[in-house]
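Work through the exercises below with the sequence and the 3D structure open. Each task is followed by a solution in steps.

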Amino acid sequence: MRTAMKAMAPGSASLKRAGAAPATGSRPMPTRIVLVDDHAIMRQGLRAVLEREADLHVVGEAGTPTEAVAAVAAARPHVVLLDLKLTAGPQTDGLDVCRRLCAAHPGIGVLVLTTFAEDRLVVEAVQAGARGYVVKDVDTTELVRAVRAVSRGESAFDAHSASAMVRSLSGGVPEREGLTDRELDVLRLLARGLSNRAIGAELFISETTVKFHVGNLMRKLMVSRRAEAVYAATKLGLL
C-alpha cells in the first residue's frame with residue numbers, strides 16, 4: 001500500500017474507516033477473507049487494516065501455494081487477497097493458485113494484491129479467474145473498497161491496473177478478432193444483466209447459440225467472466 005508499512009502503522013491516518021455502511025437493525029454477516037502472502041509482516045499489516053472494518057473479518061492466512069489451498073478449503077472465505085509471488089520460484093506462481101481456487105470454489109472472489117504491475121499479468125490474472133487486481137502501493141481506503149466490491153461479485157481494479165488492462169486489450173485483440181455485430185448485440189444485453197435464455201428470446205436465437213457467442217466474445221476480450229467482459233468492453237468504448 002502507499003508507503004505500505006507506513007500506511008499500516010497503528011494510528012496512521014490512512015487507517016480511518018473506509019466508508020463502512022452504518023449499522024442497521026439486522027447486521028449483515030461480515031465478509032470472510034483469507035490472506036495469501038509469503039511475508040508474515042505483510043499479512044499482519046493487512047489484517048490490522050481490514051479488521052478495523054466491522055464488516056470485514058480475516059478468517060485465515062497462508063504463505064505458500066499449498067497453505068493457500070488448504071486455508072481456503074478450511075475457512076470457506078468470500079474473498080481471497082492473493083499475492084502473485086509466493087515462493088522463491090516463478091514470480092507468477094500465484095496465478096496457478098488463483099486458477100486452482102477458482103476451479104475448486106466457484107463464486108469465490110480472488111483479489112490480486114501484488115507489487116507487479118505488468119500489463120500482461122493483469123490480463124492473465126483476470127483470465128485465471130481473479131475479480132480484481134491492485135498493486136501494493138494502493139491507498140488503504142481504496143483497498144477496503146476493492147475488497148467490498150469483490151465480495152459483492154463486482155470487479156475491482158486500481159487506476160494503474162485498469163489502464164494496463166485496457167492497453168493490453170486494445171493491443172492484444174487483432175482486427176480479425178474484432179467482435180461481430182451479433183456478438184456486440186449479445187454484449188449489450190449482457191450489460192443489461194440478462195441471462196442466456198433472456199438474450200436468446202430478445203434476439204430470436206437459441207440459448208445454445210447465445211452461449212456460443214458469449215464464449216467467443218469473452219475469448220476475444222481475453223476475459224473469463226461475463227462481468228469482466230462488460231467491464232473490458234466499456235473501457236474499450238464498445239458499450
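**Exercise 1.** Find which residues Asp37 touches, leaving out residues up to four places away in sequence, and decide whether Asp37 is buried or exposed.

*Solution.* The model used here and below is a predicted one.
Step 1: Locate the residue. Asp37 sits in the loop that joins strand E1 (31-36) to helix H2 (40-50).
Step 2: List the contacts. With residues up to four places away set aside, Asp37 touches Met42, Arg43, Ala62, Gly63, Asp83, Leu86 and Lys136.
Step 3: Check the accessibility. The relative accessible area of Asp37 is 2%. The cut-off for buried is under 20%, so Asp37 is buried.
Step 4: The side chain of Asp37 reaches the backbone nitrogen of His39 at 2.9 Å.

**Exercise 2.** Show where the buried residues of H2 lie around the axis of the helix.

*Solution.* 
Step 1: Pick out the buried residues of H2, which are Met42, Arg43, Gly45, Leu46, Val49 and Leu50.
Step 2: Look down the axis. The buried residues of H2 fall within an arc of 160 degrees, so they line one face of the helix.
Step 3: Recall the geometry. An α-helix has 3.6 residues a turn, so residues three or four places apart point the same way.
Step 4: Turn to the other side of H2, where Ile41 and Gln44 are exposed.

**Exercise 3.** Repeat the analysis for helix H9 (residues 196-203) and find which helices its buried residues pack against.

*Solution.* 
Step 1: The buried residues in H9 include Asn196, Ile199, Gly200 and Leu203.
Step 2: These residues cover an arc of only 100 degrees around the axis, and therefore lie on the same side of H9.
Step 3: The face turned away from that buried side carries the exposed residues Arg197 and Ala201.
Step 4: The packing partners of the buried residues of H9 are helix H8 (181-191), helix H10 (207-221) and helix H11 (226-235).

**Exercise 4.** Describe how H9 and H10 pack, giving the angle and the distance between their axes.

*Solution.* 
Step 1: Read off the geometry. The angle is about 105 degrees, and the axes are 8 Å apart.
Step 2: Classify the angle. The range 65 to 115 degrees counts as roughly perpendicular, and H9 and H10 are therefore roughly perpendicular to each other.
Step 3: Name the residues that make the contact. H9 contributes Asn196, Arg197, Ile199 and Gly200, while H10 contributes Glu207, Val210, Lys211 and Val214.

**Exercise 5.** Decide whether Ala130 is buried or exposed, and list what it touches beyond four places in sequence.

*Solution.* 
Step 1: Ala130 belongs to the loop between helix H5 (119-127) and strand E5 (132-135).
Step 2: With a relative accessible area of 0%, Ala130 is buried.
Step 3: Leaving out residues up to four places away, Ala130 touches Cys98, Val110, Val112, Ala125 and Glu228.
Step 4: Compare sequence with space. Ala130 and Cys102 are 28 residues apart in sequence, and their C-alpha atoms are 8.0 Å apart.

**Exercise 6.** Which residues of the largest nonpolar core touch the most other members?

*Solution.* 
Step 1: The largest nonpolar core has 51 residues, and of these Tyr133 and Leu217 touch the most other members.
Step 2: Follow up Leu217. Beyond four places in sequence, Leu217 touches Leu179, Glu183, Val186, Leu187, Leu190 and Ala229.
Step 3: Of its 239 residues, 49% count as buried.

Methods. Residues numbered from 1 in each chain as written. Predicted model: local features only at pLDDT ≥ 70, side-chain atom pairs only at ≥ 80, totals over all residues. Heavy atoms only, no water. Core = buried A, V, L, I, M, F, W, Y, C linked by side-chain atoms within 4.5 Å. Buried < 20%, exposed > 50% of the residue type's maximum accessible area, 1.4 Å probe, protein only. Contact = heavy atoms within 4.5 Å. Helix = DSSP H or I, 4+ residues; strand = E, 2+ residues; numbered from the N terminus. Polar contact = N/O pair within 3.5 Å; in protein donor to acceptor, adjacent residues only side chain to side chain. Arc of directions from axis to C-beta. Axes fitted to C-alpha atoms, helices over the stretch in contact; angles between N-to-C directions. Parallel < 35°, antiparallel > 145°, perpendicular 65-115°, else oblique.
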